[in-house]
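Please look over the sequence and the structure first, and then read on.

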Amino acid sequence: VTREEILAGLGDVFCQVLGREVDLAEETTPAEVEGWDSLAHVTLILATEKRFGVKFTGAEIANAAGIGALIALIEKKLRH
Amino acid sequence: VCEGRKTTYLPSEQLDYVKLMALAREGPEDESSCARVAVLGFCTTHYYTQVLEGLGRSVGFPLATYESDYNAVEQAVLDQKSDLYTFNPDFVVFATAVQALRPHLLNVPPSQRLERATQEAERVCALARRAAKLPGVNVVVHKFVVPYERPWGNLTGRIEGSLSSAVRRMNEILDHLAAETANIHLVDCDHIASVLGKRAWFDERLWFHSKSFCHPDALPHVASQALDLFRAVKGRLVKCLLLDLDNTLWGGILGDEGLQGIRLGALGDGQAYVAFQAYLQELRRRGILLAVCSKNDEEAARQPFREHPDMVLREEDIACFVANWDDKVHNVRRIAERLNIGLDSMVFIDDSPFERNLVRDLVPEVIVPEMPEDPAEYVPYLDSLNLFETVQVSVEDEKRTEMIRADVQRRGEATKFGDLNQYLASLGMSAAFEPVDEYHLPRAAQLVQRTNQFNLTTIRHTAAELQQMAQDPDCRVLYATLEDRFGDSGLVSVVVGRRVGEDMEIVTWVMSCRVVSRRLEEFVLDRLVEAAREVGCRRLRGRYVPTRKNALVAGHYERLGFRRAESSPDGCTTWELDVSDYEPFDPPIRRKI
């Protein structure tokens with residue numbers, strides 16, 4: 001799976017959870033996405049887990065602040 | 001709340017917390033039509049509250065919600081100036097979390113653990129009891145989920161102070177609390193977690209990260225059961241199951257395959273139909289009426305109930321038996337009429353998608369669940385819908401079918417007499433009329449909550465409110481029973497009177513539709529006038545508040561000789577009766593002392 005594919009998948013997840021189209025790039029931070037607050041974060045992370053069939057650790061959930069970090073995490077999990 | 005709204009239900013596969021939360025964010029509906037729900041959490045409750053709200057919206061039971069601050073349950077409940085009291089809730093939900101108690105329980109050695117568990121549970125009970133004293137409130141407490149971990153492995157059952165046994169002890173204490181307090185109810189989260197799987201329920205990451213009491217995928221299941229309780233408290237109850245026969249109660253077509261040919265019994269899917277009937281039989285025992293609604297020749301359709309050795313259900317278990325070649329819509333309405341219950345308290349069970357869609361389209365009030373193809377799934381599926389939630393059990397529940405069958409018989413007899421009075425006199429009726437005591441309180445509350453048609457004001461007093469009024473020296477909370485030679489109809493009428501100066505105001509007057517046209521209301525009025533005289537009142541004042549369902553009693557007070565005092569544009573009318581020159585009706589009903 002390429003980083004582009006992961007990014008596209010994350011786009012689907014964010015759209016589904018936030019209920020609207022979201023423009024995501026590797027540099028996107030939570031502050032730049034309306035609705036990505038600490039409450040929605042858990043929903044986004046859990047939906048991401050389901051979409052890619054991966055499971056994050058508690059620390060990863062807390063620290064995955066940003067699209068780039070999420071992509072890196074998913075890449076790592078899918079490699080193993 | 002929600003008078004006139006259609007009750008819907010959601011099959012569990014449609015319970016998606018993300019969608020429900022989005023629905024909740026669409027903003028509040030008209031707040032005045034919402035039930036007010038305060039959620040108090042020993043954990044975070046934001047997701048849960050949103051899911052509750054979204055679910056309420058999607059099933060036509062809108063909620064206005066309030067959340068206590070995180071882990072500030074004590075402050076909210078004990079401080080009478082807190083936002084909780086200003087919010088004025090109809091329902092207070094205690095969202096418990098076994099994760100929050102785990103450290104406290106594990107902190108002590110097993111020998112002291114049950115004692116610690118008792119203390120922790122009592123703390124929750126004390127808060128729930130305090131909240132239950134809010135005016136007009138009903139409290140819902142989440143039971144604890146027995147954790148999955150077992151340091152003792154399969155030996156756990158023998159260890160008195162295991163964590164599992166400690167949590168079970170806490171749940172027993174909650175069970176006891178709910179049993180002794182009429183307006184405290186429980187959501188059995190341990191049951192929900194067991195059905196979903198405890199590994200799916202518990203997500204320790206989310207507990208540490210955000211103090212979530214379960215994985216959010218489980219939240220809609222909890223919310224759904226809490227809502228079922230809310231609806232039951234508000235009198236939205238399922239009273240009757242309409243049952244198809246062929247391929248519903250047995251396999252195959254009776255008309256084609258004959259009594260010996262239908263699949264029912266120890267072989268193949270015949271077992272599934274036996275299991276389904278056993279489940280239905282248990283529902284009947286707890287007071288749900290079973291009616292047959294089948295396209296068949298009646299005599300042939302009755303034959304299995306009489307003769308088939310593997311039938312669990314027998315004719316006497318069926319409150320109303322309709323088998324003919326009319327369309328089912330017609331028959332559904334016919335059964336509602338014969339049993340004298342509302343269409344929205346009926347559930348239609350049929351294996352045929354054609355019949356289900358027909359009834360769904362043409363009688364939208366009736367609840368029509370999809371049915372699984374495999375009869376082996378009938379019980380797990382129907383049970384998962386939790387359609388039969390109720391908050392009161394009464395001793396009469398098990399006898400309900402018997403009493404209804406006697407009614408149908410009685411009506412048959414009535415056609416033999418030309419004159420109604422002559423017929424009524426032949427019944428040998430007797431009735432008790434007494435203040436509601438503890439023994440009769442559950443049934444009285446149940447009647448007040450279930451009755452839609454013969455209900456003058458449709459005020460849904462809870463058991464707690466009735467009890468409170470019964471202790472008020474200015475109030476009279478009275479019940480009537482009715483018995484005749486066909487059988488005992490039990491407690492069938494409740495009247496609440498309140499003295500206001502020289503008037504006795506009739507706050508509530510309900511009567512079971514099963515005893516309409518028996519002149520029991522005249523008997524009750526005779527007694528009410530006596531009661532009014534006893535407390536020195538000169539007048540009775542009654543009100544009629546119209547709803548979608550109580551047109552039956554629009555002329556009630558006029559028929560009884562009351563004078564119209566006021567009419568308001570919304571259709572409410574007020575009526576008065578002087579007690580000084582009142583002539584008793586003296587219907588042919590003997591008073592039982």
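How much space lies in the largest pocket? The largest pocket holds about 1,300 Å³ of space, where a pocket is an open set of points on a 1 Å grid over the protein atoms alone, with protein on both sides within 12 Å along at least five of seven lines. Grid points are joined across faces, edges and corners, and a volume is the space filled by probe spheres set on the points.

The model is predicted, so that local features need pLDDT of at least 70 and side-chain atom pairs count only at pLDDT 80 or more, while totals for chains, interfaces and linings use all residues. Residues are numbered from 1 along each chain as its sequence is written, chains are lettered from A and ligands numbered from 1 in the order in which they are written, and side-chain values use heavy atoms, with hydrogens and water left out.

**The largest pocket**

The largest pocket is lined by 49 residues, and B:L186, B:Q225, B:L229, B:N386 and B:E389 are the closest of them to its centre; a lining residue has an atom within 4 Å of a point. Among the elements of chain B that each supply at least two residues of this lining are α7 (163-180), β5 (184-187) and α13 (270-285), and α11(B) provides the largest share, seven residues. Helices (H or I, at least four residues) and strands (E, at least two) are DSSP runs, numbered from the N terminus. By class, the lining has 29 nonpolar, eleven polar and nine charged residues, with Ala, Val, Leu, Ile, Met, Phe, Trp, Tyr, Cys and Pro counted as nonpolar, Asp, Glu, Lys and Arg as charged, and the others, Gly among them, as polar.

**The cavities**

A search of the whole structure finds six cavities of 30 Å³ or more, a cavity being a set of points where a 1.4 Å probe fits but cannot get out.

| Cavity | Volume | Residues nearest the centre |
|---|---|---|
| Largest cavity | about 290 Å³ | B:K239, B:N340, B:I341, B:R450 and B:S512 |
| Second largest cavity | about 80 Å³ | B:V238, B:R286, B:I288, B:T390 and B:R450 |

The lining of the largest cavity, 18 residues, divides into six nonpolar, seven polar and five charged, and α20(B) gives the most to it, with three residues. The 13 residues that line the second largest cavity divide into four nonpolar, four polar and five charged.

**Where the chains meet**

In the interface, 15 residues of chain A are in contact (heavy atoms within 4.5 Å) with twelve residues of chain B. The two chains bury about 1,100 Å² between them, 61% of it on carbon and sulfur atoms, buried area being the accessible area (1.4 Å probe) that two parts lose on being put together, summed over both.

Two salt bridges are counted between chain A and chain B, each a side-chain nitrogen of Lys or Arg within 4 Å of a carboxyl oxygen of Asp or Glu. B:R205 and A:E49 meet in a salt bridge through their side chains (2.5 Å, N to O). B:D217 forms a salt bridge with A:K50, with the closest N and O atoms 2.9 Å apart; this pair crosses from the loop between α10 (204-210) and α11 of chain B to helix α2 of chain A.
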